[in-house]
Every structure is written in C-alpha cells, then in structure tokens.
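Here is a short report on a protein model.

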Amino acid sequence: MTDSGKNPASQRELRDFGLIVGAVCAALFGILFPFLKHRAFPLWPWIVALALVIPALAFPSILRGPHFVWMKFGSALGWINQRIVLTIIFYIIVTPIGLMMRAFGRDPMARGFEANRGSYRVAGRTPPPRSMTRPF
C-alpha cells in the first residue's frame, strides 16, 4: 500500500484495490446484509462493484483518484482509531497495574534514593559460553 500518498500507487496496487473493494462491496452490501436483514437484494452494490472491477481489469490507472481518496479515508480512520484504542489500553490496563504496584510498594525501577550507596548500576547477568553453541 502507499504511505499517505507520497509514492504513486503501482498498477498492481490499483488493480488489487479495484478487485478487492469491488468484491467486498458486492459481497457485503449486495448479498450478506440483505440476506441477514431479510430484505430485497439491492442493485447499487453491484453497480459500484462493476464500476471498480471492470476498470481494475482493463485500465487500473483510472482508479488512481478513488484509491487516493480511499487511502486518505483509511488514514483518517486509523488516526482516530489509534487514539481510541491506545487510550482504552492505557486507562484499563496500564493505569490499574501501576496503581496496584504503587499500593503494594513494588518499584521495579528501584527509584529510591540511598545517600551512602556508591553506585546505582545493576550488573547484568552474564550467560555461560555454552548458551551460544545452539542459539536457535
């Protein structure tokens, strides 16, 4: 996929875009949703699908505009979704864990100050040489 429109989409990307979006549109809105809702099968998803699939097969470069709009729309949704998901993770997982650790006096970073201590450096564990004979 292209990254925010900096590089123009290749013919293959445009062809894949037309075929995938056309097929998903026809499958979801033309078959699945009407079937699940017990409604008549509409014609518009098939028109949209054909408007994407035929150019994808014949002239993929025609789909540059719709592909650009689709990628901008996807980037905007990703930007919003990223903030929502990360906020939920922070407030539901990270914050309670931090509060529980603070309540139980756990400090994995050993941030306490000791005036008579010479160094706060913690020596790393040196693995035995035989651990590298078969690393995988």
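**Fold and confidence**

This is a predicted model. Its mean pLDDT is 90, and 96% of the residues reach 70 or more. Among the elements, α3 has the highest mean pLDDT, 96. Helix α1 has the lowest, 94.

The protein has three helices and zero strands. From the N terminus, the order is α-α-α. The radius of gyration is 27 Å, whereas the globule rule gives 14 Å for 136 residues, so the protein is more spread out than a compact globule. Along the principal axes, the C-alpha atoms fill a box of roughly 80 × 40 × 30 Å.

Of the 136 residues, 15% count as buried. The accessible surface comes to about 11,500 Å². Carbon and sulfur atoms account for 69% of that surface. Take the contacts between residues at least 6 apart in sequence: 52% of them join residues at least 24 apart.

**Aromatic pairs**

The structure holds five aromatic pairs. One of them joins phenylalanine 17 and tryptophan 70, with ring centres 6.2 Å apart and planes at 55°. Phenylalanine 17 lies in helix α1 (residues 11-37) and tryptophan 70 in helix α3 (residues 64-103). The pair therefore ties together parts that are 53 residues apart in sequence.

Phenylalanine 17 is buried, at 9% relative accessible area. Tryptophan 70 is partly exposed, at 43%.

Phenylalanine 29 and tryptophan 44 also form a tilted pair, 5.6 Å from centre to centre with 35° between the planes. This pair too links distant parts of the chain, 15 residues apart. Phenylalanine 29 sits in helix α1, and tryptophan 44 in helix α2 (residues 44-58). Phenylalanine 29 counts as partly exposed, at 35% relative accessibility. Tryptophan 44 counts as partly exposed as well, at 47%.

| Residue | Relative accessibility | Class |
|---|---|---|
| Phenylalanine 17 | 9% | buried |
| Tryptophan 70 | 43% | partly exposed |
| Phenylalanine 29 | 35% | partly exposed |
| Tryptophan 44 | 47% | partly exposed |

Ring pairs also build a cluster, made up of Phe17, Trp70 and Phe73.

**Nonpolar core**

Which residues make up the largest nonpolar core? The five are Phe17, Val21, Leu52, Ala56 and Leu63. Helices α1 and α2 each supply at least two residues of this core.

**Leucine 28**

Leucine 28 is placed in helix α1. Is leucine 28 buried or partly exposed? At 29% relative accessibility, leucine 28 is partly exposed. Beyond its neighbours within four places in sequence, leucine 28 is in contact with Phe33 and Pro34. Proline 45 lies 17 residues away along the chain, and its C-alpha atom is 8.5 Å from that of leucine 28.

How values were computed
Residues numbered from 1 in each chain as written. Predicted model: local features only at pLDDT ≥ 70, side-chain atom pairs only at ≥ 80, totals over all residues. Heavy atoms only, no water. Phe/Tyr/Trp six-rings, centres within 6.5 Å; stacked < 30°, edge-to-face > 60°. Helix = DSSP H or I, 4+ residues; strand = E, 2+ residues; numbered from the N terminus. Buried < 20%, exposed > 50% of the residue type's maximum accessible area, 1.4 Å probe, protein only. pLDDT = per-residue confidence, 0-100. Rg over C-alpha atoms; globule rule 2.2 N^0.38 Å. Contact = heavy atoms within 4.5 Å. Areas by Shrake-Rupley, 256 points an atom, 1.4 Å probe, with all protein chains shown as cover. Core = buried A, V, L, I, M, F, W, Y, C linked by side-chain atoms within 4.5 Å.
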